[in-house]
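Good morning, colleagues. Please take a moment with the sequence and the model on the screen, and then I shall go through the helices, the core and a few individual residues.

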Amino acid sequence: MSKALGSKYTIEYSEKASEYYEIVKDILQSDIVKEMKQYKHHYSTTCFQHSLNVSYYNYIVCKKLGLNYKQAARAGLLHDLFLYDWRVEKRKKGELPHGFTHPKRALENAKQHFELDKREEDIIIKHMWPLTVKLPKYPESYVIVMMDKYSAVVELGSYFKGKVGTKIKDHIPSRKH
Ligand SMILES: [Fe+2]
Ligand SMILES: [Fe+2]
């Protein structure tokens, strides 16, 4: 069962998320995308959960704006398909940091497993813009730039909320009966 952070709908079973599910079903069920569950991302989430959040928010925002929400949702789920733990992976000599290089790696992996069109490729390769210097070509690529940052903030917030919640609970003395 999958759920985007902040959403109350279970992607696979909720009627409200059924359109989204139909759009991304093949990607969501693929082994290569499930592999992202092994890698941590933004403190409290896995790479898979983060990608699901970005994909779902992309879908909602692009649909509202009358943009191509199907491609935005699909590319969103693939945008961080780099498949390594960027906290421990050692950089090769002269290689730029993860933030600059991983969109290319994600796109290469995605292309090996899924058919992508030019718009989906642009959404993935430019999601770190302006780090990746070339300007996004499509409005959906600008949406992912924002949704990626927004998701990271929401994920960070949920991590600290959990931490603070636990700390406060630890300090409340249990009532003696
Ligand atoms: Fe990324
Ligand atoms: Fe991301």
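**Helix H1 and its surroundings**

In H1, the buried residues are Tyr 20, Val 24, Ile 27 and Leu 28. Viewed down the axis of H1, these residues fall within an arc of 75°, so they line one face of the helix. The arc here is that of the directions from the helix axis to the C-beta atoms. A residue is called buried if 20 or more other C-beta atoms lie within 10 Å of its own, exposed if 12 or fewer, and partly exposed in between, with C-beta atoms placed from the backbone. Helices (H or I, at least four residues) and strands (E, at least two) are DSSP runs, numbered from the N terminus.

Before I continue, two remarks on conventions. This is a predicted model, in which local features need pLDDT of at least 70 and side-chain atom pairs count only at pLDDT 80 or more, while totals for chains, interfaces and linings use all residues. Residues are numbered from 1 along each chain as its sequence is written, and chains are lettered from A and ligands numbered from 1 in the order in which they are written.

To return to H1: the face turned away from its buried side carries the exposed residues Glu 22, Lys 25 and Asp 26. The buried residues pack against helix H2 (31-34), H3 and H4. By contact I mean that the C-beta atoms of two residues, placed from the backbone, lie within 7 Å.

**The overall fold**

The secondary structure comprises seven helices and two strands, and along the sequence the pattern reads α-α-β-β-α-α-α-α-α. The C-alpha trace spans about 65 × 50 × 30 Å along its principal axes. For 177 residues, a compact globule would have a radius of gyration near 16 Å, and the protein has 18 Å, which agrees. That radius is taken over C-alpha atoms, and the globule rule is 2.2 Å times the number of residues to the power 0.38. Of the 177 residues, 34% count as buried. Among contacts between residues at least 6 apart in sequence, 59% join residues at least 24 apart.

**The core**

Which residues have the most contacts inside the largest nonpolar core? They are Ala 72, Leu 77, Leu 78 and Ile 124, in a core of 34 residues. Helix H1 (18-28), helix H3 (47-64), H4, H5, H6 and helix H7 (139-171) each supply at least two residues of this core, and H3 gives the most, with eight residues. A nonpolar core is defined as a set of buried Ala, Val, Leu, Ile, Met, Phe, Trp, Tyr and Cys residues joined through C-beta atoms within 7 Å.

Leu 77, not counting residues up to four places away in sequence, touches Val 24, Ile 27, Leu 28, Val 33, Ser 51, Leu 52 and Ser 55.

**Helix H5**

Helix H5 (residues 98-113) has 16 residues and reaches 22 Å from its first C-alpha to its last, close to the 22 Å expected at 1.5 Å a residue. The expected span is 1.5 Å times one less than the number of residues. Buried in H5 are His 102, Pro 103, Ala 106, Leu 107 and Ala 110. They cover an arc of only 135° around the axis, which puts them on the same side of H5. Their cover includes helix H4 (69-78) and helix H6 (118-125).

His 113 also belongs to H5 and counts as partly exposed, with 15 C-beta neighbours inside 10 Å. Leaving aside neighbours within four places in sequence, His 113 is in contact with Ser 30 and Ile 32.

Val 143 is found in H7. Is this residue buried or exposed? Val 143 is buried, with 25 other C-beta atoms within 10 Å. Val 143 and Ala 72 are 71 residues apart in sequence and 8.4 Å apart in space, C-alpha to C-alpha. Beyond four places in sequence, the contacts of Val 143 are Asn 58, Val 61, Cys 62, Leu 67 and Ala 72.

Glu 155 also lies in H7 and is buried, with 20 other C-beta atoms within 10 Å. With neighbours within four places set aside, Glu 155 is in contact with Leu 5, His 42, Tyr 43, Ser 44, Thr 45 and His 50. The C-alpha atoms of Glu 155 and Val 143, twelve residues apart along the chain, are separated by 18 Å.

**Two backbone details**

The peptide bond from Trp 129 to Pro 130 is cis, with omega near 15°; Pro 130 is placed in the loop between H6 and H7. Leu 83, in the loop between H4 and H5, has phi near 60°, a positive value in a residue other than glycine. Leu 83 is partly exposed, with 16 other C-beta atoms within 10 Å.
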